[in-house]
Amino acid sequence: MEVIGKGTWIDLIAYRVVEREKSLGRPLELIRVESGLGASGIPHIGSLADAARAAAVKLALENLGYRSEFIAFSDDMDGLRKVPQGLPDWLNSYLAYPVSSIPDPFKCHESYGSHMSSMLIDAMEKCGIEFKFMSGRDAYRKGVYANQAIKILENWEKIGQAIEEITGQTKFKMQLPYFPICENCHRIYLAKATEYDRESQKVLYKCEGTEIRKRFIKGCGHEGEAKVNGDQGKLAWKVEFAARWASLDIRYEAYGKDIADSVKVNDWVADNILNFPHPYHVKYEMFLDKGGKKISKSAGNVFTPQTWLKYGTPQSLLLLLYKRIVGTRTISVEDIPNYMDEVDQLEEIYFTRKEALSMWEIKLRGLYEYIHLLKPPEKPSKHIPYSLLVQLCTIAPEGKEVEYVSNKLKQYGMIKEADEHIIQRIKLALNWSKDMHEVKREKVELSDKEKQMIKELINSLTNDPKESQQAIFQIAKKYEVEPKDFFKKLYKILLGTESGPRLGPYLVDIGLEKARTILSQAIES
RNA sequence: GGGCCUGUAGCUCAGCCAGGUAGAGUAUCGGGCUUUUAACCCGAGGGUCCCGGGUCCGAAUCCCGGCAGGCCCGCCA
């Protein structure tokens, strides 16, 4: 069997795009792919997935020998329909405002919309993804798809009929698929446009109000007109993609199953009204949050790419997104160690298995190249299991974690010197350990005898791990207590668990001063 | 009402989209670490790949039909 590109699903999509374009007879000088960047809420990992995968298809097309471009398109003309959890209440007074007209609640960007887009852009940049940015507002302002909008509005009744046939929705039989921004109250969606004037290319509207998310929002009653060629309003989603595809010559765009109906309608509009064969599509399932200990406890905390990057490398995040496209993915911070180790496994395969490969290995090597955006490193890095780093971080004395962990790694003979790469990994594992592997010391019930034993231990601790270890046994023997039980109590006090690392070395590692403090506190309570 | 996803070891899941010897982590059990019970290291057991048909030399994987759980859309975008 002949392998396409790097052998992954990404290559298969690129291949199918090219084959389809050939059969349509369209020019192949430039194959443009697109991804929409949501601008109305905090970008989820799923938002990054859409963009990262489109970027990968672009790379695959180039790898197959075609020129390609990836456009990341910010939907910043969309109105705010719901204030995301965790954002200030005053945003409620901006409901139905285009997100590009709402002040940035974080005060660092031009608008609410640009703040949200910039969070996604930040994640893309951290992953090394290259893209060409476009803003919806700019596109409307410059009249980028004025011609398409005019064609759509001229045929609005035909389209309304098609929308009913495809989705059962009858709304657009009674109004234009165009939402003017009310020039009086500056909100979108509330004004109903029922008439299109071909001569002046204007839409006549009345700001009546509408139901958004089961809540009726009253309009201001203003009657006005909006010029189609400009940013006085926007096309409804049901037709907007089509206009965008046709004017930007988009050949591929993936979509989530939540907007499947809109895509169907847009395909019809592109094919039948705009005479632009719709782009090749792939439908993907949603990402579902599984949450994770501390993370999910704070309300309204969506799983952002930034959250992932706090614990994992960009490559581990891209692995999550590129591994496969089919099927629902549930994501959790608890999975990150697995993905980190899996990246190392892929690297191992990439650098050791270069010939006589099975399809399986070809795919994995391809996957490794894609998580490096087809620019894999020349040499493998040092592999240390993430779980080991986490464990070392968990027992590391506070404030000196990186130093402690790198010293341990040296002792284990795993590294000679802690370079930048290792230190980075330790920091990620440290974040994970702090948030996910929390040491919770609860009050431990102690008998007077046990208190006495601990007091004696405090006095017998020395900087020699062996001596300290022996001290525990000697004290247990002296008080005629099973060493086992004494150890249990000590673990409980120090780590909140019933078992743990060899205590002598551990006590020395955390520092005698600190060990004594913790033990003294336990006696006092 | 329409569409989609999932079902694999006790548990959590990978493998399925391009068919080729059934995998990992965890739990369990056994062994190791010259006074611990290790969170460490080595090893073992553990499977009707949800059920039933079909295609194929060959099916966890592709097709058809069930069963069970979940998700999305249904006049917001």
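Predicted model: local features only at pLDDT ≥ 70, side-chain atom pairs only at ≥ 80, totals over all residues.
Local features are given only where pLDDT is at least 70 and side-chain atom pairs only at pLDDT 80 or more, whereas totals for chains, interfaces and linings use all residues; side-chain values use heavy atoms, without hydrogens and water. Residues are numbered from 1 along each chain as its sequence is written, and chains are lettered from A and ligands numbered from 1 in the order in which they are written. Helices (H or I, at least four residues) and strands (E, at least two) are DSSP runs numbered from the N terminus.

The RNA comes first. Around RNA strand B there are 46 residues, of which Arg81, Glu285, Gln470, Phe487 and Gly500 come nearest; a residue is near a molecule or strand if one of its heavy atoms lies within 4 Å of it. By class, the residues of this surface divide into 16 nonpolar, twelve polar and 18 charged. Here Ala, Val, Leu, Ile, Met, Phe, Trp, Tyr, Cys and Pro count as nonpolar, Asp, Glu, Lys and Arg as charged, and the others, Gly among them, as polar.

Some polar contacts can be followed atom by atom. A polar contact is a pair of N or O atoms within 3.5 Å; within protein, one must be able to donate a hydrogen and the other to accept it, and residues adjacent in sequence count only if both atoms are side-chain atoms. Threonine 170 places a polar backbone atom 2.9 Å from a base nitrogen of RNA strand B. Glutamine 469 uses its side chain, with a polar atom 3.4 Å from a base oxygen of RNA strand B. For lysine 283, an N or O atom of the side chain is 3.5 Å from a sugar or linking oxygen of RNA strand B. The elements that give two or more residues to the surface near RNA strand B are helix H1 (9-24), helix H14 (359-371), H19 and helix H20 (483-495). H20 supplies the largest share, five residues.

H19 also packs against another helix. The axes of helix H18 (residues 448-460) and helix H19 (residues 465-478) come within 10 Å and cross at roughly 145 degrees. Axes are lines fitted to C-alpha atoms, for helices over the stretch in contact, and angles run from 0 to 180 degrees between N-to-C directions. Met453, Glu456, Leu457 and Ser460 in H18 meet Ala471, Ile472, Ile475, Ala476 and Lys478 in H19, where contact means heavy atoms within 4.5 Å. The residues of this contact divide into six nonpolar, one polar and two charged.

Helix H12 (residues 314-322) is mostly covered, with seven of its nine residues buried. Buried means under 20% relative accessible area, exposed over 50%, and partly exposed in between (1.4 Å probe, protein chains only). The buried residues of H12 are Ser316, Leu317, Leu318, Leu319, Leu320, Leu321 and Tyr322.

Three further buried residues lie elsewhere. Threonine 8, in the segment before H1, counts as buried because its relative accessibility is 9%. Its side chain makes a polar contact of 2.7 Å with the side chain of aspartate 11. Beyond neighbours within four places in sequence, threonine 8 is in contact with Lys363, Gly366, Leu367 and Tyr370.

Alanine 96 lies in the loop between strand S2 (68-74) and helix H3 (112-127). Its relative accessibility is 0%, so alanine 96 counts as buried. Leaving aside neighbours within four places in sequence, alanine 96 touches Gly79, Leu80, Arg187, Ile188, Leu190 and Ile212.

Histidine 281 belongs to strand S12 and is buried, with a relative accessible area of 16%. Alanine 254 is 27 residues from histidine 281 in sequence and 5.0 Å from it in space, C-alpha to C-alpha. A polar side-chain atom of histidine 281 lies 2.9 Å from the backbone oxygen of glutamate 253, and the side chain of histidine 281 reaches the backbone oxygen of proline 279 at 3.4 Å.

Two loop residues remain. Most residues other than glycine have a negative phi. Aspartate 249, not a glycine, has a positive phi of about 60 degrees; the residue sits in the loop between helix H8 (237-248) and strand S11 (250-256). At 24% relative accessibility, aspartate 249 counts as partly exposed. Asparagine 275 also has a positive phi, near 55 degrees, in the loop between helix H9 (260-272) and strand S12 (280-284). With 63% relative accessibility, asparagine 275 counts as exposed.
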